Amino acid sequence: MKASKAVRKRAKSLGAVGKFPDTTGLRQRKRQETRARLTRAAMTLFLERGFEATTIDDIAAAAEVSRRNFFHYFASKEDVVTAWQENAAGALVDEVVARPSDESMLTAAENAIAAVVKRLDPAEAAAMSRLKRDNPALQARDQLKYETIERALAEGLARRGRTKSDRLKAKLVAMIATGAMRVGGESWIGDGAREKPEAFVKRTFDAIRAILE
């Protein structure tokens, strides 16, 4: 069964999973592309129908693969959400590394987070947050997401440093920034997600600086 046009369109908007290097073998590249397609289709269906109402058969059909093929990539629906979160962490590291060298670690973290959230659709981001909030299994995965993001941020920030103390600073900034994302995200949803995510990131980091001064 073919995926609906609406599903494919929304999957595309969610699907900034990344380009694959030419050096990757054809077989591996196809596996990455199939995994990305499954992730996009699943996240779109979760937002449209809800997590519980979406079946693995639905995801496989939307991604145009067999149910059996789904299990070559994921053990469960929850694992698809985890994969989506890991992709976000990888994008965050790329943004941190790309920041100008004259930026402080805290500013680099802020600008990297702002760049990542700017690519999100606010309505979809809010819907995804509510989806995770209302599902106990996804709530547990969400906590793991922040651990993954903190490690990824610390890794990216550490590349900007040169000394042992810089590595410690990178871990501390990553911890602060990740906490800001968690608390800020909860506040953003609580306020009705009316503000642009990147604007909320700026306000959150301004609050951090005010505390640190």
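Buried here means under 20% relative accessible area, exposed means over 50%, and partly exposed covers what lies in between, worked out with a 1.4 Å probe on protein chains only.

A word on the ground rules. This is a predicted model, where local features need pLDDT of at least 70 and side-chain atom pairs count only at pLDDT 80 or more, while totals for chains, interfaces and linings use all residues. Residues are numbered from 1 along each chain as its sequence is written, and side-chain values use heavy atoms, with hydrogens and water left out.

**The overall picture**

The chain has 10 helices and zero strands, counting DSSP runs numbered from the N terminus (H or I of at least four residues for helices, E of at least two for strands). Read from the N terminus, the elements go α-α-α-α-α-α-α-α-α-α. Of the 213 residues in the chain, 41% are buried. Contact means heavy atoms within 4.5 Å. Among the contacts in the chain with a separation of 6 or more, 70% are between residues 24 or more positions apart.

Back to helix 7 for a moment: residues 122-133 give it 12 residues, and the reach from first C-alpha to last is 16 Å, close to the 16 Å expected at 1.5 Å a residue. That expected span is 1.5 Å times one less than the number of residues.

The axes are lines fitted to C-alpha atoms, for helices over the stretch in contact, and the angles run from 0 to 180 degrees between N-to-C directions.

| Helix pair | Axes come within | Crossing angle |
|---|---|---|
| Helix 6 (residues 105-118) and helix 9 (residues 164-190) | 10 Å | roughly 40° |
| Helix 9 and helix 10 (residues 197-212) | 10 Å | roughly 125° |
| Helix 6 and helix 10 | 8 Å | roughly 160° |

To put words to those angles: under 35 degrees is roughly parallel, over 145 roughly antiparallel, 65 to 115 roughly perpendicular, and the rest oblique. With axes crossing at roughly 40°, helix 6 is therefore oblique to helix 9. Helix 9 and helix 10 are oblique to each other too, whereas helix 6 and helix 10 come out roughly antiparallel.

As for handedness, a crossing is left-handed if the near helix is turned anticlockwise from the far one by less than a right angle, and right-handed if clockwise. Helix 6 passes helix 9 in a right-handed crossing. Helix 9 passes helix 10 in a right-handed crossing as well, and right-handed is also the word for helix 6 against helix 10.

Now for who meets whom. On the helix 6 side, Met105, Leu106, Ala109 and Ile113 meet Asp166, Lys169, Ala170, Val173, Ala177 and Met181 of helix 9. Sorted by class, that contact has eight nonpolar, no polar and two charged residues. The classes are simple: Ala, Val, Leu, Ile, Met, Phe, Trp, Tyr, Cys and Pro are nonpolar, Asp, Glu, Lys and Arg are charged, and the others, Gly among them, are polar.

Between helix 9 and helix 10, which cross in a right-handed way, the contact is made by Ile176, Ala177, Ala180, Gly184, Ser187 and Trp188 of helix 9 with Pro197, Phe200, Thr204, Phe205 and Ile208 of helix 10. Here the classes are eight nonpolar, three polar and no charged residues.

**A few residues up close**

Glu110 sits in helix 6 and is buried, at a relative accessible area of 10%. Leaving aside residues up to four places away in sequence, Glu110 touches Val201, Lys202, Phe205 and Arg209.

Val183 belongs to helix 9 and is partly exposed, with a relative accessible area of 42%. Its C-alpha is 8.8 Å from that of Thr204, 21 residues apart along the chain.

Ala36 is in helix 2 (residues 26-49), buried with a relative accessible area of 6%. The C-alpha atoms of Ala36 and Val80 are separated by 9.7 Å, the two being 44 residues apart along the chain.

Last up is Glu64, in the loop between helix 3 (56-62) and helix 4 (67-70). Glu64 is partly exposed, at 43% relative accessibility, and has a phi near 60°, a positive value in a residue other than glycine. Most residues other than glycine have a negative phi.
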